[in-house]
Amino acid sequence: MEGDGSDSLVTIKNIERELICPACKELFTHPLILPCQHSICHKCVKELLLMLDDSFNDVGSDNSNQSSPRLRLPSPSVDKIDRISRPGWKRNSLTPRTTTFPCPGCEHDVDLGERGINGLFRNFTLETIVERYRQAARAATAIMCDLCKPPPQESTKSCMDCSASYCNECFKIYHPWGTVKAQHEYVGPTTNFRPKILMCPEHETERINMYCELCRRPVCHLCKLGGNHSNHRVTTMSSAYKTLKEKLSKDIDYLIGKESQVKSQISELNLLMKETECNGERAKEDAIIHFEKLFEILEDRKSSVLKAIDASKKLRLDKFQTQMEEYQGLLENNGLVGYAQEVLKETDQSCFVQTAKQLHVRIQKATESLKSFRPAAQTSFEDYVVNTSKQTELLGELSFFSSGVDVPEINEEQSKVYNNALINWHHPEKDKADSYVLEYRKINRDEEMLSWNEIEVSGTSKVISDLESNCNYAFRVRAYKGSICSPCSRELILHTPPAPVFSFLFDEKCGYNNEHLLLNLKRDRVESRAGFNLLLAAERIQVGYYTSLDYIIGDVGITKGKHFWAFRVEPYSYLVKAGVASSDKLQEWLRSPRDAVSPRYEQDSGHDSGSEDACVDSSQPFTLVTIGMKKVFIPKSPTSSNEPENRVLPMPTSIGVFLDYDKGKVAFYDMDHMKCLYERQVDCSHTMYPAFALMGSGGIQLEESITAKYLEYQENM
């Protein structure tokens, strides 16, 4: 094992990267074997646990952002290391402690269990190799005797039982012949001392004597009898040693036998890298040539357009100048008028006629130009405005993509936005892509485009969360097949709701009439049972009574802030009213529903009772919009048309409700286009609830939140 030849030294020096801790990036110091079989320094495990523990206790601290095992770890204080090393430091103690952290080697989560660091094996083999490397790197720097009186002598032996190094004289003194110490195991000078027998970290008094084939780790007989490995298959340590040594020897022999093949492949990779470098430079040169051609064309078109504008400008200015000179001559007509007045004084008829004829023509021409003033040219250059929209779109799609992959298309009908955005797209089956990249970005109000965010997707749909409220977002997708990429799809613009989504279900306890209404188990859908109840009310209808509305409300109230929710009304619904109502108004409705039995005379009902005109500006404790027969009826308001045909709109697929409690404002939205249909003030002096009412046959379905779990379910279907 202890090679003295130059080949051994070369081998030792070449394995340096295998002896570097993945956490601290330095040579291993007392390495521990993690459950994932990677090794990490003892101090690094402590530091990782401490940092994650600090992040757990102080989520807002900067430490939570510095727990990456890839970073060099700061040194913790001694008292913290002491605290984490104590046996009582467990996950289930009164103070929460974490024993799970990502392995710096493979980045998989490692759970140390209740024993924490105490449950890990120390990698003595790796320690020995590191020590041999240190000695080779130091050119076998002398290790001094631990027992000599100053000055110490250079050691010649190290005792593994005493964990000390000795010179020849001291070794004879402390290991005399005929004593037990004379039987101690000794090796060449070293600073790496390890126990002769490995003890079980779970059962500290038991030695390791078996190997668990399932967990791939050494265990003791107590681990097999009643511990975590009682039902696992185990083998003897000698058998495991023989098997693993044979496998490792075969692997090493195989790699050594393939040395020439590896060298050949390395040479091939070097050639491929050089070829890639050359091809990349050539591609850049070709791209520059293409763009320079485009620049030349644009410069040529720019020059011709500017020349045409200059020529047109000069022609128009010349016409204006000529016309201005003519009118300037009119200012000189003051002399003409005076001259004409003098001509009128001529008494000789022959002389007068001779002069007056020409003078009359001049005055008549000046008079006509004053009566019909028209500019000689147009000032607008609209005909010369360059329309570059089509070219801009084409330039935006400039790419070096292969035409071998078709462009995916986003399905606008199946794509929607609520609290998150659900984007669906389809792609021709004959060109099934390996993966897709979904891009999205926010569009500011001044149409400024921010940079694209990219998400790699394996399927044809994706949920995007953490979108800002009341914003436009653009979405596009491209397909990848191997290293070939398709052009981007046409962009889809979606508008997010004006406020955070308010989650609630229908309340089956407050005023719910189970004789008239049917509520599903999830409490997110309600249906009105029409027919029999209406027949029972036939006599009341005949004598002038109206059938009452059946009210149902949300199970959560609103006392502050901005909130948004959405729902769908079934197309077959006869009459549905939806909106918001305060707690005091709900008590009034639910206590004596016949006070508001007639939808014809109810405020905000959408019917022409005339009462709305008098009260439309007043702030009511409720606002309900009427939906029915595939239509939405918009109530009268000063800002909207009062003509009935302008207040009847097609029913959207989904209807959204936006409540600003603090400003006392409620608005109703068409969710298909996120367009506000109706808005008005509402009295929010009490707790506000989502309120619904049904009459006749009808159904209401609350809009489901778009979640990743929901999406996975849809994909599995």
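Reader: Which residue forms a salt bridge with Arg-478?

Author: Happy to start there, keeping in mind that this is a predicted model. Arg-478 lies in strand S18 and its partner in strand S16 (residues 453-457), so the pair ties together parts 24 residues apart in sequence. The closest N and O atoms are 3.4 Å apart, and the partner is Glu-454.

Reader: Is Glu-454 buried or exposed?

Author: The two ends of this pair need separate checks. Arg-478 has 9% relative accessibility and counts as buried. Exposed means over 50%, so at 52% Glu-454 counts as exposed.

Reader: Which residues are joined with Arg-478 into one network of salt bridges?

Author: Some salt bridges here share partners. Through them Arg-478 is joined with Glu-439, Glu-454 and Arg-476.

Reader: How many residues apart in sequence are Lys-416 and Glu-703, the parts tied together by their salt bridge?

Author: Their side chains meet at 3.5 Å, N to O. Lys-416 is partly exposed at 30% relative accessible area, while Glu-703 is buried at 13%. Lys-416 lies in strand S13 and Glu-703 in the loop between S33 and helix H16, so the separation in sequence is 287 residues.

Notes
Residues numbered from 1 in each chain as written. Predicted model: local features only at pLDDT ≥ 70, side-chain atom pairs only at ≥ 80, totals over all residues. Heavy atoms only, no water. Salt bridge = Lys/Arg side-chain N within 4 Å of Asp/Glu carboxyl O. Helix = DSSP H or I, 4+ residues; strand = E, 2+ residues; numbered from the N terminus. Buried < 20%, exposed > 50% of the residue type's maximum accessible area, 1.4 Å probe, protein only.
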